[in-house]
Every structure is written in structure tokens, then in C-alpha cells.
Amino acid sequence: MAVIVAITSCPTGIAHTFMAAEGLQRGAESLGHTIKVETQGSVGAENTLTAADIAAAEVVIIAADTKVDLSRFAGKRVYETNTKAAIHDGVGVIKAALEQARIKTSAAAQSNLVDQVAAAKAARAASIAGPYKHLMTGVSYMLPFVVAGGLLIALAFAFGGIYVYEETNRGSLGWALFQIGAPSAFALMVPILAGFIAFSIADRPGLAPGMIGGMLASATGSGFLGGILAGFIAGYATLWLNQNLNLPKTLAGLKPVLILPLLSSLFVGLLMIYVIGQPVSSALNALTAWLKSMEQSSALILGLILGAMMAFDMGGPVNKAAYTFATGLLASQVTTPMAAVMAAGMTPPLGLALATFLFKDRFSAEEREAGKAAAVLGISFITEGAIPFAAKDPFRVIPSIMVGSAVAGALSMVFGATLAVPHGGIFVLPIPNAVGNLPMYIVAILAGTLVTAAMLYVLKRPLGTLETPTTATASGTAD
């Protein structure tokens, strides 16, 4: 008897999804096998496969007509087919899966630094849950809009000057680029954030009310803070309705496309207009005004805090909190925290790469080789490039990179460097107007890198001195 898990999904998520699940269940039962089927239907995932279910399974069957995320099944034997085959010949699909399924390669099995970083990021993504997971889902879907919008705005200023958006420039290339970047791409930032927070909580039925709540957050001036609240309210309201609103089977098809979006959108919309929008707008305006009026001393402190947070867990919750804070402020035209965050995020892998080059006696041959890849990850603003080094020697590496990142973040803030986009590393530096005060911004990154390397030199001892005291005493060389 084999233990099998499966996923079924069709474009509409109503009929074929569940018919395919029934076909697989009947086929497995007739052959004497045990099966659990997750249905990814119009009301979201049901009978969800747990980590324990997947670990115990001998084979995974994907019977789907839509794209299904297979990252959960790394290292497992996977067989892919469509819903039609599962509906009409469940027994044949089960037999074929047991004979033909192939193992999905696990990134963790690779040995070089880039693959280790990919494995660490995948493990982190798989381990997060609850509100943090939902927030990060929204942020991940929002980022392409912020990147594209920020770069287009920068290019608009490059072609048409800082007043390119004025009516006198209508029709020019610079004006057109600005229209694509600001009123279009940037305008979608908060609705996408809110929509995919709700999507993460309630699956597809949460998307419409979440995005509607995000649009209202923009309209009421509550910005990314209002968008976050709208996303969570819409998501949990939709989830509650989905779980507690029982309808006859004849009306079940209306639930995901009519009843849930209507009721959830009504609820979150009224809350945003009458309760949440104005207070959150006032709070966001106060925060924006404070950030814009900061003197050097307060800018220094904020830069130190953001920088240390970026290095503390290298892509974990603390890092992402600083990153989300800075990214959200871009919509309010507050761009100095974003510059500090990117500088501080580049510094850990760059500092480690420099240390492996300058102080070879403090790193193994494997670490020195990994330092080359860490440099590439660092210039690309992938802070996770420092994770394998930190995992091997956390009590020396983590303090070193935190100090270096704090220096980079503080100097960036003090210099008044600005950044119009939330990613890109050195590849966005040459783009006109993407970075403000570019020369001193580069100084901040270099300073943080040098401080990180110096700290590693101080805290890490040469490998040859790490022999145990018992070895030294036995050889007669102890003091």
C-alpha cells in the first residue's frame, strides 16, 4: 500500500477541480492505496497538505490545468497530469504516477554559495506563517510595481527635468514616462499590497475586496499603512464568511464570484471610508513630516537602527520589517530610508567577500571560494549572501555585519542620500536621478563594507590558532 498526496486545480476552480479529486480518491481506494487530495478551487485551497503529509508521501500527483507551486515538494517523486485524465481514469493516473514519477531536485543538496542562499531563502519562506507571511506575500507582489514605477519616474526626470509632470510638458517623452511611472505604476502599489495580503489569507475570494480596500486607502490618503490594514481586514473578513456562510449546493457557485467579494468589499470599504482612512492618513502625514524634517542627529539614529535591522537576520522578519517600512514610504516621496536600507543590505555580503580576500588565514578554502559569490550577491542587494557565513560562525559574523550595516545606514541618512527604487543594488546607481547624492552614497556603502571586514579581522582568529588546548599541551608547547 502506497501513501499518496495530490493537488487538483482547474481554471474556474469549481467543477473539474473537485471531480478530479474524486477520481483520484476512487482510483487510489480501488488499488488499496491511501491518498489525500488538496483542492485549489475558487474558494481557495481546501484539505490543505501539511508538511507531515508531504513528508510521509511516497509520490505526489499534480492533476491541474493551471500552474501549481511545486516548491513544497522538493526531494519528492512528482507526477504531473491534467484534470481530464484524473476524472476519466483515476486508476490509470495512480498507476502511472507510481511508475513514472520523478524526483524534484532540492536546492539544499547543492554545495555552492548561491545554491546555499537559495535553499536558505526557500526554507525561510516555507517556515513563516501567520500575519507576517501574509504581509510578506503582499510586499513581494507589490515590489515589481514599485521598482518599475520608481525607475520610470527617474528616467522621466532624466529626460524632462524635475518639473516634467507639469502640463506645459504634456506629450513629451519625459512627461509620458512620468505618467507611466507615477499615476499608473505607483498608483497600483497600495492596492496590490492590500490585495495580495488578503489573497494570502483568504485565497482568490480575498483578492477583490483587498484591492478595493487598497484603492480606498490611496483615496483617503492613508497610504501603505492603510493598505496593510485594508488587506488584513478584507482577508480575515472573507475567510470568516467563507468558513461560516453555508449555502445550498445549487448556490455554491455564486459564493466565490458574487457573495464573498460583495459582502467583504462592502465591509472593508465602509470601514476605510468612515473609520480607518482619516486617522491613519493623519498618522502617515505626521510620520512623513517628521522624516522629512529630521536633523542630522535624528537621521543618524534612524540610519543606525535601520542598518542594524537589515543585518540582524539577513532577510528574516527583522530585516523585512526595515525593508517594508522604507519601501512603503516611497509612495509618500520619502526616499532617504530606502537608500539607507539598500546600503545596509548590500554591506554584509560585500564585507564578508572583502574579508575573505584580505584575511585569508581566517577563512577556510571553501569560505574563500564562497566569498567570490558573496561579492556578486552583495552588489545585487541580496543580503542573504551572508547567511552561510553567519550560520557557520554566528557569534563573530553577526555582530560584525550589524556594525558595518549600521555604519552604512547611518552615513547614508546623514549624507541625505535618496533612492527612488526598492531594489537593484549597484545596477540602479548609474540611472539618472535614481539615487540622490550618489558620490556620498557610494562612500557610505564602502565605509560599511570596510567596517564589516575590519570587525571580522578583529573578532575572527586565524584558523591555525584554533587548535584545542589539549593538543598544544600534549605536544609540550603550552605556556
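## Basis and overall make-up

Residues are numbered from 1 along each chain as its sequence is written, and side-chain values use heavy atoms, with hydrogens and water left out. In this predicted model, local features need pLDDT of at least 70 and side-chain atom pairs count only at pLDDT 80 or more, while totals for chains, interfaces and linings use all residues.

The protein has 19 helices and eight strands. Helices (H or I, at least four residues) and strands (E, at least two) are DSSP runs, numbered from the N terminus. Along the principal axes, the C-alpha atoms fill a box of roughly 80 × 75 × 40 Å. Of the 479 residues, 48% are buried. Buried means under 20% relative accessible area, exposed means over 50%, and partly exposed lies in between (1.4 Å probe, protein chains only). Take the contacts with a separation of 6 or more: residues 24 or more positions apart account for 72% of them. A contact means heavy atoms within 4.5 Å.

## The six-stranded sheet

Six strands form an open sheet with mixed pairing. Their order is S3-S2-S1-S4-S5-S6. Two strands pair if DSSP finds at least two bridges between them. Strands S3 (44-46) and S6 (102-103) stand at the edges. Each has a single partner strand, so one side of each is left without a neighbour in the sheet. S3 runs antiparallel to S2 (residues 34-41), joined by three bridges. Within that pair, Gln40 stands opposite Ala45 in S3.

Strand S1 pairs with S2 in the parallel sense, over six bridges. S1 and S4 also pair in the parallel sense, over six bridges. Ile4 takes part on both sides: it stands opposite Ile35 in S2, and its bridge partner in S4 is Val59. S1 is mostly covered, with six of its seven residues buried.

Axes are lines fitted to C-alpha atoms, for helices over the stretch in contact, and angles run from 0 to 180 degrees between N-to-C directions.

Helix H4 (residues 90-100) lies across S1, S2, S4, S5 (77-81) and S6. H4 runs at about 140° to S5.

## Helices H17 and H18

Two packed helices are described by the angle between their axes and the distance between the axes. For H17 (residues 394-414) and H18 (residues 438-459), the axes come within 8 Å and cross at roughly 160°. That makes H17 roughly antiparallel to H18. Angles under 35 degrees count as roughly parallel, over 145 as roughly antiparallel, 65 to 115 as roughly perpendicular and the rest as oblique. The crossing is right-handed. A crossing is left-handed if the near helix is turned anticlockwise from the far one by less than a right angle, and right-handed if clockwise.

Residues of H17 in this contact include Arg396, Val403, Gly404 and Leu411. They meet H18 residues, among them Tyr441, Gly448, Val451 and Leu459. The contact residues divide into 14 nonpolar, six polar and one charged. Ala, Val, Leu, Ile, Met, Phe, Trp, Tyr, Cys and Pro count as nonpolar, Asp, Glu, Lys and Arg as charged, and the others, Gly among them, as polar.

## Helices H8 and H9

H8 (residues 189-202) and H9 (residues 207-219) pack at an angle of about 150°. Their axes are 7 Å apart. This crossing is right-handed. H8 contributes residues including Pro191, Phe196 and Phe199. H9 contributes residues including Leu207, Met211 and Met215. The contact of H8 with H9 divides into 11 nonpolar residues, four polar and no charged.

Thr39 sits in strand S2. Thr39 is buried, with a relative accessible area of 7%. Leaving aside neighbours within four places in sequence, Thr39 is in contact with Thr8, Thr17, Phe18, Ala21, Gly44, Ala45 and Glu46.

Thr336 is found in helix H14 (residues 336-358). Thr336 counts as buried, at 18% relative accessibility. Beyond neighbours within four places in sequence, Thr336 is in contact with Met413, Gly416, Ala417 and Thr418.

Val443 lies in helix H18. Val443 is partly exposed, with a relative accessible area of 36%. Val443 and Ser412 are 31 residues apart in sequence and 8.5 Å apart in space, C-alpha to C-alpha.
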